[in-house]
Every structure is written in C-alpha cells, then in structure tokens.
Amino acid sequence: MIPVIVLLGGLTAEMARRDYRAASRDAAHELEASAASAARGLDRFLHDRFEMLNTLALGPSFLDANTAAIDRQLNDMDVGARGFNGGIRWLDRDGVVRGASDANAQLNVSLARLQAVAAVRATRIPSVQIVYGPRLDDPMVLIAVATSDADGVLNGVMVGAMRLDQLRQLLPALNLRAATLTIADAQDHLLMGGEVSVLDPVAAAAPYRAMLASRSGSYESATDLRGTRDSTLGYAWIPRARWLVTVSEPRSTMMATALRTLTVEWACLLYTSPS
C-alpha cells in the first residue's frame with residue numbers, strides 16, 4: 001500500500017509541475033500578445049491625433065501664419081471633440097504662443113522649452129511628450145506637429161494636449177480582462193498602473209531596463225513595473241511615443257489555473273481507473 005501511495009504522490013507532484021509550467025508558458029504568451037495588442041491600440045489612438053493636427057495645419061490661416069485668424073479659429077473650435085481636452089496651442093517659429101484654444105488652459109508650462117517642441121522644430125517629425133508637475137491637475141500628453149507655409153518652409157509648431165484620463169478611457173476597448181496594464185515613458189515615469197512617480201530603482205529598474213533593450217517579449221516570475229513581485233508579464237514598445245506597455249498577472253493566478261487542470265486530470269484518472 002505504501003509504495004502505491006509513494007507512487008501516486010510522485011505522480012501528483014510531476015503532474016503539478018508539468019501543469020504549472022504549461023500554464024506559465026501559456027500565460028506568458030497570452031500576456032505578450034495582449035501587450036502587443038494594447039500597444040497597437042494606443043499607437044492608433046496617437047496616430048489619429050497626429051492626423052487631426054496635421055489636417056488642421058493645412059488650413060489657410062496656418063499656411064499664412066495669420067496669428068489673428070489662428071487664435072480666432074482655435075478659440076471657436078471644440079478641441080475636446082477633436083480629442084484634445086487639454087487644449088491646442090500654436091507657436092510661431094520663434095517659439096512664442098500666438099494662438100490658443102483657451103487662454104486659461106491647464107497647460108501652464110513653457111512650451112518653447114519642451115523637448116517635443118524643440119524636436120519638431122529641429123526635425124519636423126511629430127513628437128510626443130508627457131508633462132507633469134505641481135501646477136497641473138493631471139499629467140498631460142502633448143502631441144507636437146510642424147506647420148509650414150505654402151512653400152513648405154517651417155513657420156511654427158502646433159501642440160495638442162490631452163489629459164491622461166483620455167488614455168484611461170481606452171482601457172475597456174483593449175479587452176485585457178483581469179490583467180493589469182502599465183505604461184511607462186522613457187523618463188521612467190508610470191503613466192498608468194500606479195501614481196505617476198519615478199520607478200522604484202530596486203523593485204522595477206532591472207526588468208524595466210531589460211524590457212527597454214529588447215522592446216517586446218515576456219517574463220515569468222518577475223517584478224512588474226509597479227513593484228509587484230512574482231508576476232508574469234508581457235511587454236511591447238510604442239516607438240511613436242517612446243512608451244513601454246506591460247500587461248501583467250500575479251503568479252498565483254497561474255498556480256490556480258494549474259490546480260484546476262490537475263483536479264480535472266485526477267478526476268478523469270480516477271473515473272477511468274479499474275475498480
């Protein structure tokens with residue numbers, strides 16, 4: 001009888017290890033796919049905002065750099081309906097704000113000195129930057145695009161601002177079920193999945209740097225970007241914004257899945273065993 005018990009115990013342990021490894025691999029692959037899907041959804045969201053600003057920049061007031069017409073046009077525009085609930089501003093080639101959708105907009109920062117604006121003025125390539133600080137009610141996502149005259153000569157930069165709540169409204173559409181979504185920017189700040197703060201250098205720095213280097217993949221039994229230990233996570237990079245997206249689940253979720261699988265297997269084994 002004892003050898004049988006020992007045999008069954010060993011068999012149970014081996015089945016448990018096998019089921020856990022399988023559940024862990026499946027979870028890692030699924031989370032990696034979820035992260036890639038979330039990154040694509042967020043990238044499309046940003047792309048649509050780029051296109052809105054680029055279309056606006058083709059208007060005659062921007063082509064002529066007519067500051068009075070630009071300011072009037074932005075003031076009359078429902079910028080929230082266009083996806084910029086933090087307002088839109090236009091800076092001339094010297095970096096001076098000449099037009100704004102709202103003179104009292106929350107974007108109380110020096111736009112000309114922001115990295116995104118400087119990058120657009122230097123390269124004419126659209127840029128994204130997160131702005132946060134004590135003077136902002138909510139961190140802002142800034143999208144900057146170049147404006148040009150009829151000859152294609154740079155005459156300014158248009159900046160659209162979105163509060164992070166606009167990104168948070170996307171979460172249900174990303175269909176991540178019970179997994180936790182985290183977004184971090186290239187300056188080591190959490191945009192979602194926790195309060196906006198510098199990533200913990202002990203709990204989060206090592207996996208974050210490794211994920212930045214490889215840009216996509218998955219980790220098992222790692223510490224996620226929020227500092228939660230023993231997590232399985234998938235991650236993907238958004239080049240347009242230079243954001244890292246991670247989707248994670250606690251390892252206990254996989255252990256529960258493996259236990260359910262093991263229970264079903266034992267039930268089938270006992271049912272088919274000769275009495």
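**Aromatic rings and their partners**

Guide: Of the 275 residues in the protein, 44% are buried, a term that stands for a relative accessible area under 20%, with exposed meaning over 50% and partly exposed in between (1.4 Å probe, protein chains only). The model is predicted, so that local features need pLDDT of at least 70 and side-chain atom pairs count only at pLDDT 80 or more, while totals for chains, interfaces and linings use all residues. Residues are numbered from 1 along each chain as its sequence is written, and side-chain values use heavy atoms, with hydrogens and water left out.

Among contacts with a separation of 6 or more, 56% join residues 24 or more positions apart, where a contact means heavy atoms within 4.5 Å.

A pair of aromatic rings is described by the distance of the centres and the angle of the planes. Rings of Phe, Tyr and Trp (its six-membered ring) pair if their centres lie within 6.5 Å; planes under 30 degrees apart are stacked, over 60 edge-to-face, and the rest tilted. By this rule there are two aromatic pairs.

One of them joins Phe 62 and Trp 90: the ring centres are 6.3 Å apart and the planes stand at 75°, so this pair is edge-to-face. Because Phe 62 lies in helix 2 (residues 60–63) and Trp 90 in strand 1 (residues 88–92), the pair ties together parts that are 28 residues apart in sequence. Both Phe 62 and Trp 90 are buried.

The other pair is formed by Tyr 219 and Tyr 235, whose centres are 5.8 Å apart with planes at 20°, and it is therefore stacked. This pair links distant parts of the chain, 16 residues apart, with Tyr 219 in strand 8 (residues 216–222) and Tyr 235 in strand 9 (residues 231–238). Tyr 219, at 28% relative accessibility, counts as partly exposed, whereas Tyr 235, at 4%, counts as buried.

Charged groups complete the description. A charge sits over a ring if NZ of Lys or CZ of Arg is within 6 Å of the ring centre and within 35 degrees of the ring normal. Arg 49 lies over the face of Phe 45, at 3.9 Å from the ring centre. Arg 215 is placed over the face of Trp 237, at 4.3 Å from the centre of that ring.

Conventions:
Helix = DSSP H or I, 4+ residues; strand = E, 2+ residues; numbered from the N terminus.
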